[in-house]
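Subject: Structure handover and notes

Hello,

Here is the structure you were expecting, followed by my notes on it. Please read them with the model open.

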Amino acid sequence: MSQDDMKSIPVQGFVDIYKSLDAERVRTPSRYMHFIKTYYKIFNIKKQALLQRRDTLCAGVEALRRARSEVATLQDEAAEQEVALSEKQAKANQALDQIGATVRATTDKKEEMYQLKKNIELENEKLQIQKKEIEEELASVEPVIAAARAAVGDIKPESLSEVRSLRAPPDVVRDVLEGVLRLMGIADTSWHSMKSFLSKRGVKEDIRCLDARQISPEAAQSVERLLQRRGASFEQAAARRASAACAPLAAWVRANLDYARALARVRPLQDRQRQLHGNLKRAEDELAALSSGLATVDERVAALKEQLGRHTREAAAIELRLSTAVQTISAASDLLDRLAHEYDSWENDLQNITIEILELNQRSLLAAGYLTYLPDLTEPQARNYLSKWCSLINFEDTSFSLINFLSTPEKQLKWEANGLPLDQSAFKNAVFVEQYLEQSSTLTPLLVDPEGEAEVWLRSTLAHADFVPQHEPRLATALHLALRLGRTLVITEVECIEEWWWSTMRGAAGGRARVLLATRRPALAGDVATHCRAALAPLHFTARLHALVDQLVHGAFYKQNPEMKEKSKEIKLTKATLQKRQHELQENLLRDLSGNADILHDANLLAALEKTRSTSATISQALDEARALEAHTRAACEAYAPSAARAASLALAARLVTALPPDTLLDVFVGAVARSESNPKNINNDEVVKYFTRKIIERVLLSLHKKDKYIVVMHLLRQVYDNLIPEKLWQIFIGNFNLIEIDKDLTRTMKTQFQWITDDCVKRVAQIKVHDENLFNRLSLGTSDMWLEFQKLGDLHILSKLNLEPFECVVAVAALRPESTYRAIVSFVDQVLGAGAVSGAHTAQRAALWSQPARPALLLAAHAHDVLAAHAHAHSRTLTTVGIDEGMNVWEAALETSRGGSWLAIRVGASPFTRDLLSFVVSLSERPASDFGDDFRLWILAEDRDIPSTLSTNCVKVVLESPEGVKRNACGTLSAWTRLRADATLLRHLAGLALFHALVQERRAYIPQGWSQWYGWEWGDVSASAAAARAAGGEEAARELCGALYAARVERARDRSVLHALARRCLREPPAPWPRSDRLQDYVTAMEALPDIDSPELLQLPANCRVAWEKNAADNIIAGLRGLSKQRPAGRMRPASCILAARGIL
C-alpha cells in the first residue's frame, strides 16, 4: 500500500461503522482487527486489479490514438500528391489538345473518307443479309398457309351447313370458329355471329383470300391466348371428330397465326432494311464531298507527341505513389472504423475505472464491514446497515452490492450450476466463502445448513477439498494434514465446537490452510463459547421469505414445464462461456494493440477483430434468447406469486417447529397448484393456499404432541391468513393488551348498561370496545336474551345470528364465555382447514405417505413397533425389523433385501442414537431414487426424546401418542393388536383392558378431579398387562396382574381406590353390548359406539369436569400463543426449541 493510499484510509469510517453496530457480540477488539485486515486485503487486491486493467486499456487506447494520428498525416501527404498529379495531368492534357488541334484539321477528313468507304461496304453487306433473312423467313411459312387455304377451299357446303345447323355447338367447334372470326377481324364471337359468318356467300373465298399482313396484332394476341387456353380444340384429331369443316379451319387458324408471327419477326428486319438503304445513300454522298483538300503536317505532330510523353511519365510516377498512400489510408480507416466501438467502450471503461479507484476506499470499507459484521444477518437487515454506513462515510451510491463488488457474473453462474440455492443470501454466503478461501477474510465460516444444500454446493465447487464429519476418528489426522500441506478442509456435521481442534485450527490461522465448518444445527452459533464466537462467521443457508417465494414460484413453473428448466440452464451456461470467451478475445486484442508498433500494416489485427465481432454477435443472440426466456418465465410465474408468498410465510413458520425439506414444500405447492390449475393464467389462489396450508399443517402435526397441536396450528394460521386474523384481534385474543389500562369509568358504564355480563368478562368486553369499535357494535350486546342463552348453553350456533367472521367469533367467545374458548378455537380451525384436519388418527399411514424411500420415518413412542407392525399387516406390507445393536452390516444386508418395495424397521427403543445410525441415514439420503422401489420405506423406532439434528433433518419425525378421547384411544390400542389370534374370552379381556387404559389416561387431563397428580401410564403398561393376560391361566389372574401393574405407579390411597373401581368396571363388568367373538375387529366396531367427546359419565367424573378441562386447555393454548408471539424471530431461522421451550411446548 503506497503512502498516498495510507493517507486516504477512511479512519473515521472504521470508527463510525464500529459504533453503529447494535449487537454487543460482534463489538469485540478481535473482530475489529479482522475488520481492518479484511479491508487491507480487499483494497490491495481490488486496486491491483483495477490498475492492471487501467494500464492495459490505456495502452490499447493510446495505440488507437497513434494510429489515428498517422492516418491524418498520410491523408495530408496524399492531398499534396493529388495537387501535383492534377498539375502534371493538366499539362499532358494541354499537349494532347494541341496535337488534336493540329492533326484534326487534316486527318479528320482522311479518317472520315476511310470510314465512309468502310461503312458503305458494311451497310451493303448488311442489306444483302437482311434481304436474305426476310425471304427465308417468309418462304418457310408460305407452303403451310397455302396448304391451309387449299384445305379450306375443299370444305364441302354440306359440312358448313351441318355446323350452322347446330343448336349448341361442341366446345371444339366454338373454339375453332372463334379463332377464325377473330383473325377475320370480327369481334363478336357469339354463336349467332358465327352462324351469320358461315351463312355469307363466298365465305370460303373470304377465308382463303385473307392476307396475314392484314391481321391486327390485337387479334393475333387474342387467338394466341385462345390457343393457350383451348389448344386441344385445335388438334387435327379433335377438330375432325367434332366436324368435317373444323379440321381445315383449325389448320388455317394455326397457319395464319404462324404467318402472323413470322411477319411480326421480319417487320423489324424490313424496317432495318429501309434504314440501311438510307444510310448507304447518305454515305455515298459524303464520300463524294470528301475527296480533296488533304495536306501533311508530320513535323508538328511529332514535336507535340514528345511533349505529351514527358508529361504523362511524370504524372504516372506521382499517381503510383498516390495509389499506395490511398490503399494504406483505406485499410487504416477501415481498421479504425471497426475499432471505433471498442475505442468508445474502452474510453468508457477507463472513466469507470477512474471512478472506481476514487471510490475504492469507501467500497472496500463497506465490503470489509459486511464480511466482518453482517454475514449472519438477513438481506433487509444488512441493507439497512449498508444504508446507514453509506451515510456515515458520505458515500452516495446506496445501492452498493457486495455480490457485484467481489464476484463476477461468470462466477455466479458457475455457483448456480454447482447447486447453489437461487437467493441473494446464498450468493452472499458464497462470496464470503470465496473471500475466505482467497485469504481476504480471516473469520472462520460456519455454514448453518439444515437442508444440506450448502454441502452439496461445496462438494461441487471444492473438488480437491477434504470433507470429514466431526464425529469421525480421522478428523485429527485430516486437520493436521490440511494445516501442514496448506489444503482446504471442510468439517461437516458439527454438533459442537471442540476446544482441541478449534485451538489447533486457530493457531495456524495465518497459514495457507483453510478450514470451513458445516452444521445442521441452527442453534450452534449461539451455543459456542465467547472466544470462539468472536472468530466465527455464521452463514445461514436457510431460506428467507423472498428466497422461498422465488423457489416456490420457479419450482412450480419448472415442474409444470420441465423443458424450460433445461433450456434456461443451457442458455445461462452458454452465456457464461461466451462472455468469458469475449473477455479473452478483447484482452488479446488489447495486448496486440499495446504490443504492436505499426498496427496499420498488421493484417492479424483485422482477423482478431472479426473474431471478436463474430463472438459478440453470438453473445448478443444468446443474451436476447436469455432475456426472452426470462421474460416468458417471469410472465408465466406471475400467476403463482400471490399464493407462493402466503405459502412461503406459512412454510417459514412451520420450519420453526419441524424440519421441512425444500423438495417437500415444493411438491406440496405444485400439488396444490395442479389441483386448481384449470387455467394457468387464472389460478384460484385461495384454494391453492388452503390445500397447501392443510397439507403442511398435517405434516407439522406428525411431529407434535397432542397438547401442543392447537397452539402450533393457530400460530401457523396466523402467518398465512392475516386477512382472517387481524393483528388487533389477535393481540386482544392472546391478551397482549393490558387490562389494567382500561378506563374504570368505561367498565362501570358497561357494567351498568349490560348487567348480564359477569365481572370477570366486563374488562375483556371493554378492551374490545377500545381497540375495535366496529366489532363491539356488531356484538349486539343489547340483545341480552341471546347472550344469556349462549352463556347458559355454550352453543356456538347461537352466535351465528351476528354474522361475525370466524376469528371475531373466537374473540367474542373468549371475552364473554371463556370456558367455551376451546370449542371456538376448534370450530375456527375446522372452518379454515376442514373438519378433522387436526385429528391424530391414522398417524402411521400419514407417516408412510410423507416419508420417501430416501427419507426415513422416525417413529417416537414406546409402542412404535406394535403400531407399525399392525399397519404393515393391515396394508399387506412385508416388514423386516433389525435392532440398533446389530450393526451396520446387518442393516445394509436388510436394506438390500427390502429396497425393492418392502419395509425395513431399525428398532432403537430407549438406546442412544449411534453414529453408525446417523451415517446410515445420511448415506441413504445421498443414494439416487432409482436404487429403491416406490413402496420401500425405512422406519426408525425409538422412544420419545431429544433427536440429533442430523437425524431430525433427514427423517420425517412422527410422535405416536394415544389419540385424544377414550374412543380413539381404545380403538388405537386395539388396532395395534390386529395381528393377535386368540379365543373370545381373551379378546374380551383385551378389549376391556384397552378401555381401562384409555380411561386412566384420559382422566389425567382432569387433575385434580381425575387424579390427584400425573401418573405415567403409557404403552408399556398396557402392553405388559396384555402379555400377562396371555400368560395367565385364567381371567381372574389376568385381572389381578393388570391391577397390580397399574397400581404400582399410584402413590395415594384415593387414587388407588379409583383405579380399582375403574378396573372392576372395565375388566369384570364390561359395558353392554359387548360381543363374544374371536375377531378383534368386532370389538373395535363395538368401541366405535362410544361418544366422540368424552362425557363425565364415561369418565366417572363430575358433570362440570369437561367445562373445566376445556377452559384449562384454552388457557394453555392462549398462554402458548402469547409465548410464541413474544419469541418471534427477527428475520432469522431458529429451531423450534428456541420458540416453544418457554411454554414447555416441545
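Throughout, buried means under 20% relative accessible area, exposed means over 50%, and partly exposed is anything in between, with a 1.4 Å probe and protein chains only. This is a predicted model, in which local features need pLDDT of at least 70 and side-chain atom pairs count only at pLDDT 80 or more, while totals for chains, interfaces and linings use all residues. Residues are numbered from 1 along each chain as its sequence is written, and side-chain values use heavy atoms, with hydrogens and water left out.

Helix α13

Helices (H or I, at least four residues) and strands (E, at least two) are DSSP runs, numbered from the N terminus. W389 is buried, because its relative accessible area is 0%. Y385 is buried too, with a value of 13%.

Rings of Phe, Tyr and Trp (for Trp the six-membered ring) pair if their centres lie within 6.5 Å; planes under 30 degrees apart count as stacked, over 60 as edge-to-face and the rest as tilted. The whole structure holds 29 aromatic pairs. In one of them, the ring centres of Y385 and W389 are 5.9 Å apart and the planes meet at 50 degrees, so this pair is tilted.

A382 is also in helix α13, which covers residues 379-392. With a relative accessible area of 1%, A382 is buried. Contact here means heavy atoms within 4.5 Å. Leaving out residues up to four places away in sequence, A382 touches Y370, L374 and L377. From A382 to Y370 the C-alpha distance is 7.7 Å, and the two are twelve residues apart in sequence.

The sheet

Two strands pair if DSSP finds at least two bridges between them. Five strands form an open, parallel sheet in the order β2-β3-β4-β1-β5. Its edge strands are β2 (466-469) and β5 (536-540), each of which pairs on one side only. From one strand to the next, the twist averages 25 degrees. Axes are lines fitted to C-alpha atoms, for helices over the stretch in contact, and angles run from 0 to 180 degrees between N-to-C directions.

Strand β1 (residues 444-448) is joined to β5 by five bridges, and L446 has P538 as its bridge partner in β5. Three bridges link β1 with β4, where L447 stands opposite A518. Between β3 and β4 there are four bridges, and V490 stands opposite L516 in β4.

How well covered is β4? Six of its six residues are buried. R514, L516 and A518 point one way, while V515, L517 and T519 point the other way. In a regular strand the side chains alternate between the two faces of the sheet. Helix α16 (residues 424-437) lies across β1, β3 (488-492), β4 (514-519) and β5, and runs at about 150 degrees to β4.

Rings and charges

F14, Y18, Y32, F35, Y39, F43 and Y373 form one aromatic cluster. A charge sits over a ring if NZ of Lys or CZ of Arg is within 6 Å of the ring centre and within 35 degrees of the ring normal. R27 lies over the face of Y18, at 5.1 Å from the ring centre. The charged end of R1003 sits over the ring of W1011, also at 5.1 Å from the centre.

Cysteines

A disulfide is a pair of cysteine sulfur atoms within 2.5 Å. How many does that rule give? The count is zero. The closest cysteine sulfur to that of C1042 is in C1066, 9.3 Å away, which is too far for a bond. C1042 is buried, at 1% relative accessibility, whereas C496 is partly exposed, at 37%.

Backbone details

The peptide bond from I1007 to P1008 is cis, with omega near 10 degrees. P1008 lies in the loop between α42 (984-1002) and α43 (1019-1031).

S876 is not a glycine but has a positive phi of about 55 degrees. S876 is in the loop between α37 (864-874) and β7 (879-883), and is exposed at 68% relative accessibility. Q1100, again not a glycine, has a positive phi of about 60 degrees and belongs to the loop between α47 (1096-1099) and α48 (1105-1126).

Regards
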